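Please open the model in a viewer and follow the stops below in order. Each stop names a selection and then describes what is found there.

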Amino acid sequence: MFEFEEQHKMIAAAIRQFAEREIAPNVDRLERGEILPFDLMRKMGKAFMLPDMVKKGFEKMKKQAEEEGEESVKGRRRVGMTEDVGIGAVMAIELSKYSPGFVLSLGASLGLCGGAIMAKGTMEQKERFGLPVLTMEKIGCWAITEPDAGSDAFALKSTAVPDGDGYVLNGSKTFITNAPYADVMVVYAKIDRGREEKRTHAFVLEKGMEGLTVSKPMSKMGMRASPTGEIFMENVRAGKDRLLGGVEKEPASGEAIETFQGERTGSAPMALGIIEKCLDDCVRYARQRTQFGKPIGEYQLIQDKLAKMYVARENVRNMVFKQIWMAKNGRRPTRAEASAIKLYCSRAAVDVALDAVQIMGGYGYMQEYRVEMLMRDAKLLEIGGGTSEIQIVTIARELLRD
């Protein structure tokens, strides 16, 4: 597959129309934090009937679980939504041209939080916590990163001490997308039974639980349309119904790694959206902007940058198409493949956005021309979900292990 199908193109056009009408006029307010992305998310969901699709899909899942057992529906993340990952890709690509921060909040709520609950939760947890997140009635966040455990994601200090019929959670999380406003939180902690070995598990917490507090939104370089914050747990009592999956039969690190890989491969469509927008704007600018009596597009140094941007776009597009092809053929990316996708695509997005600013010069440095926002937003792709350095280490380890 080297081209989107007609259905994908139609959906892309519809998303562009929505973004032009609803997101583009609000980008500056989103960037300044004057409005949050969540109402726009719900508006988009309603426009494309996503909540209705999720509810219908969940009812089918519930019926199958009753007839065949819960194991038959385990691992499903895209409840009620099409299994065609190409549709999700075109949505991320088109929306990222207008506001990557909007896509970040959308993905953290639906994909990371809602997806984790639907993939690993009990049916009761799916219905109680996951369904409201996927229908966008509630906003979700996925919290593993801690102040002293960034790249070393599983060196957690947050603990869950068994107590009676539940657990007592203590600790903190940082750099968590949607945390300041999240209703539902998937939070990772180490279950502490007083032994040396402590297994990492996920818990589902909710806003308003005693001892659970969040920070104000952090001030950031980029992705300003997406609120980021901290989570604090001080003797938060969580019943066993809050343990994701309901039992401690296996460490949650496997689920977390699976979610990390999804986050890493999910950066490719975002990177492609940023690259395509920068390239389109720069080609238009190079045709119109004149210096020394001719369009700057006639100068070889500008042509060199445009050509490199085009090559980056082609390479990232091919990686996106490969992911779609793999999904259609029932294959998931390996750890090395997921890390390679994130490493290349994130670097390409940053390089292209920097060149876009350079091509436009002083205008590119101004907020009026969106390439400065895209440059700032692109940088997070090299950091969030595992830094570029971690991707390099992961790839090398997998190669040497093979």
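Select Met-309: beyond its neighbours within four places in sequence, it is in contact with Ile-275, Cys-278, Leu-279, Cys-282, Val-352, Asp-355, Ala-356 and Ile-359 (contact means heavy atoms within 4.5 Å). The model is predicted, with local features needing pLDDT of at least 70 and side-chain atom pairs counting only at pLDDT 80 or more, while totals for chains, interfaces and linings use all residues. Residues are numbered from 1 along each chain as its sequence is written, and side-chain values use heavy atoms, leaving out hydrogens and water.

**Stop two: helix H6**

Select residues 100-120, helix H6 (helices are DSSP runs of H or I, at least four residues, numbered from the N terminus). Of its 21 residues, 18 are buried. At Gly-107, H6 bends by about 35°, the angle between axes fitted to the seven residues ending there and the seven starting there.

**Stop three: Cys-113 and Cys-141**

Display both sulfur atoms: they are 6.3 Å apart, too far for a bond. Cys-113 is buried, at 0% relative accessibility, and Cys-141 likewise has 0%. The whole structure contains zero disulfides (pairs of cysteine sulfur atoms within 2.5 Å).

Conventions: Helices (H or I, at least four residues) and strands (E, at least two) are DSSP runs, numbered from the N terminus. The expected span of a helix is 1.5 Å times one less than its number of residues. Buried means under 20% relative accessible area, exposed over 50%, partly exposed in between (1.4 Å probe, protein chains only).
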